[in-house]
Amino acid sequence: MNRAVNPWLVLWTLLLSSAICALDSTAVNVAIPAMMLDLGAGLDDVLWVVNAYVLALVMLLVSGGRLADLYGPRTLFLAGLAVFTLASGLAGAAGGAGPLIAARVLQGIGAALLLPQTMSMITHIFPPERRGRAFGLWGVVAGIVVALGPAAGGLIVSSLGWRWIFHLNLPLGALGLVAVALVCPNPRAGSRRRFDLLGSALLALALFAVAFALIEGRAEAALAAAVPLAAFVLVERARQHRDPLLPFALVKDRGFTLMAVVNLALPAAVGSMMFLTVYHLQNAGGLPAAGAGLVVAAAPVVSVPFAALSGRLTDRYGGKYVLFTGLLLFLAGLGWAAVAVGGAWPELLPGLLVFGAGMGLVYAPPGTIAMYGVAQAMSGAASGVFSTVTRIGALIGSAGAGALLRTSGDLTHAVSGAYTLPLAVTAVAAALTLAVKPVPRGARADQRDVDRGTARLCRTTVAGRRVLGRQGGGPGVGGPGRETARGGTHGEGRAGG
């Protein structure tokens, strides 16, 4: 965006530094049998190693995003990465299931602080017409992590032992802390604000009840969430004029609200589809866990180039119809899988490949559309909400698919019938997408302000101060019309990617 700070370098730094959370989560799932054997723990205890992390993460994502509006996304990212790294060391040294579960709770807290910050930072350092490519790059990294995570976890467990899943986070986390501190700016709100402790506590309690109900399959826990949720709405309504945790302006923004629901449906569809396919391949198809994982990995592998394409198409044509096209591919792939589920695994591959193309296309548009009308002072809260609905959606997908599998005695018919869940939520997401107003393309009116703001932000980093020192610059160095070495205007030279 300007020569003082390269937004793509900032984004790469954030994505690679936060990737350890996703890799850690997938690797822990693979390590459950080894943990049971080494710790002498039962399956229920070790499953809580997974669930404790998820519960802590879901409870605090909105609070972690809102804190970024007060103290800046870089500050919260660094704090979260430090907590996650420290907790990883404790997890690797745990001598029993109890200490390991406690360390996983601490990891979830750290992840809740850092994960919303990438989306928040994108809204600060990229103008609207460049955010599609930024979110597309995010999708590329996510697809690679999802595809490689289980295989990498299996390799670590088999060659080094399960504790190294956590030990390896120590050098990676330390490297990420240094890189983020040097490279990333720290945009802050213009006025002094106070954190909404009561609203945060009430929302965390409600989200805990919802997530616990989905994990354990207990409807009474979901009903119990109604009380703190109602209290949260009342508290937030009274606080709208003084720093609420959830500004109602977000909910009133049509694009943001519709995309938040779509973002709930997407992981529900992906999670249930992956769960059902792996389950059937192992229990009816006779494939080992590693073989089933490799077959299903075809979808995220295919999604990688389509995620990059999605970002460019979103910036050029707007995200609405790119997203709708991706959802149509979702439906086609899911329909194929539902019909082919009784056959051998090669018959599932065409459906997985089409579904994977859809996965890539749907990654960039939701965030681009949702954040278009969101003020930067609320970007952290918006990012926290988006991250939360993503996690809840994934839980709905796995829990719902598991419940539907129990409705039929015949495994093949049960799996085929359970595909109605991802098909239904994808159809709802497609309908909601058509209700979105198209985001204007090529809107560059605020480009000069973005450039000046980024120049000010870069002063908060060591690398940025050095660059400005070499340029002798300040806000708007060189003026908005100066040509860069790569051609184009000063405002576009680095954002072109």
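The model is a predicted one, in which local features need pLDDT of at least 70 and side-chain atom pairs count only at pLDDT 80 or more, whereas totals for chains, interfaces and linings use all residues. Residues are numbered from 1 along each chain as its sequence is written, and side-chain values use heavy atoms, with hydrogens and water left out.

Serine 88 is located in helix H4, which spans residues 73–92; helices (H or I, at least four residues) are DSSP runs numbered from the N terminus. Because its relative accessible area is 0%, serine 88 is classed as buried. Under the scheme applied here, buried means under 20% relative accessible area, exposed means over 50%, and partly exposed lies in between (1.4 Å probe, protein chains only). When residues up to four places away in sequence are not counted, serine 88 touches Gln107, Phe166 and Asn169, a contact being defined by heavy atoms within 4.5 Å. The side chains of serine 88 and glutamine 107 are also joined by a polar contact of 2.8 Å. A polar contact is a pair of N or O atoms within 3.5 Å; within protein, one must be able to donate a hydrogen and the other to accept it, and residues adjacent in sequence count only if both atoms are side-chain atoms.

The structure contains 6 aromatic pairs. Rings of Phe, Tyr and Trp (its six-membered ring) pair if their centres lie within 6.5 Å; planes under 30 degrees apart count as stacked, over 60 as edge-to-face and the rest as tilted. The pair of tryptophan 48 and phenylalanine 212 is stacked, because the ring centres lie 6.1 Å apart and the planes meet at 25°. Since tryptophan 48 belongs to helix H3 (residues 43–71) and phenylalanine 212 to helix H10 (residues 197–216), this pair ties together parts that are 164 residues apart in sequence. Tryptophan 48 is partly exposed, at 27% relative accessibility, while phenylalanine 212 is buried, at 17%. A further stacked pair is formed by phenylalanine 330 and phenylalanine 355, with 4.4 Å from centre to centre and 25° between the planes. This pair links distant parts of the chain, 25 residues apart, with phenylalanine 330 in helix H17 (residues 319–340) and phenylalanine 355 in helix H18 (residues 349–361). Both phenylalanine 330 and phenylalanine 355 are buried.

With a disulfide defined as a pair of cysteine sulfur atoms within 2.5 Å, the count is 0 disulfides. Cysteine 21 is buried at 2% relative accessibility, and cysteine 184 is buried with a relative accessible area of 0%.

Terms used
Helix = DSSP H or I, 4+ residues; strand = E, 2+ residues; numbered from the N terminus.
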